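Dear colleague,

Please find below the sequence and the structure that I am handing over to you. My notes on what was found follow directly after them.

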Amino acid sequence: MASQVQDKLEETFEALDLGEYAKKQRWWNKIFGQNSGPIAEKYSVATQLAIGGATGWCAGFLFKKVGKLAATAVGGGFFLLQIANHTGYIKVDWKRVEKDVNKAKQHLQIHKNQNPPREVKTKINEVKRFVNKNIVLSGGFVGGFLIGMAS
């Protein structure tokens, strides 16, 4: 009995570098645990298409409805401004508007040739990797999104 206790006390342990361990873990493993990996490893192709299609349809349908509402609000606002301008309730300084628009165009021309920030490139690469790993799910989502926009 004493020898068993002695053996347990003399075990060697491996040191774990938490910084390296955290770098190797995927972000979803940090949040959801080890059981959550790429969906391609867990579900069949039909299930992935169904999940992607259903979520895509919902997103497309909502995008269409919210887009129509936003377009109506913006268009109605411009319409009301034009009526108020025409009836004399407000006066628009069109020279100042033109000057501000030209200034904004020049600002956009200056910044269009600059590379995007590193954070944007990182997010774009992350999205590309996700789409490549989950191509069936992504394809189902795109198809569902287009159907949702059309319905």
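Just after helix α4, Gly88 takes a positive phi of about 95°. Helices here are DSSP runs of H or I with at least four residues, strands are runs of E with at least two, and both are numbered from the N terminus.

Please note that this is a predicted model, in which local features need pLDDT of at least 70 and side-chain atom pairs count only at pLDDT 80 or more, while totals for chains, interfaces and linings use all residues. Residues are numbered from 1 along each chain as its sequence is written, and side-chain values use heavy atoms, with hydrogens and water left out.

The chain as a whole

The protein chain holds 7 helices and 0 strands.

Helix α4 and its packing

Helix α4 has 43 residues and reaches 62 Å from its first C-alpha to its last, close to the 63 Å expected at 1.5 Å a residue. That expected span is 1.5 Å times one less than the number of residues. Gln48, Gly52, Gly53, Gly56, Gly60, Lys64 and Ala84 are buried in α4, and the buried residues of this helix pack against α7.

Helices α4 (residues 45–87) and α7 (residues 135–150) pack at an angle of about 35°, with their axes 6 Å apart. Here the axes are lines fitted to C-alpha atoms, for helices over the stretch in contact, and angles run from 0 to 180 degrees between N-to-C directions.

Two residues of helix α7

Ile135 lies in helix α7 and counts as exposed because its relative accessibility is 52%.

Leaving aside neighbours within four places in sequence, Ser138 is in contact with Phe130 and Val131, where contact means heavy atoms within 4.5 Å.

Yours sincerely

Technical notes: Buried means under 20% relative accessible area, exposed over 50%, partly exposed in between (1.4 Å probe, protein chains only).
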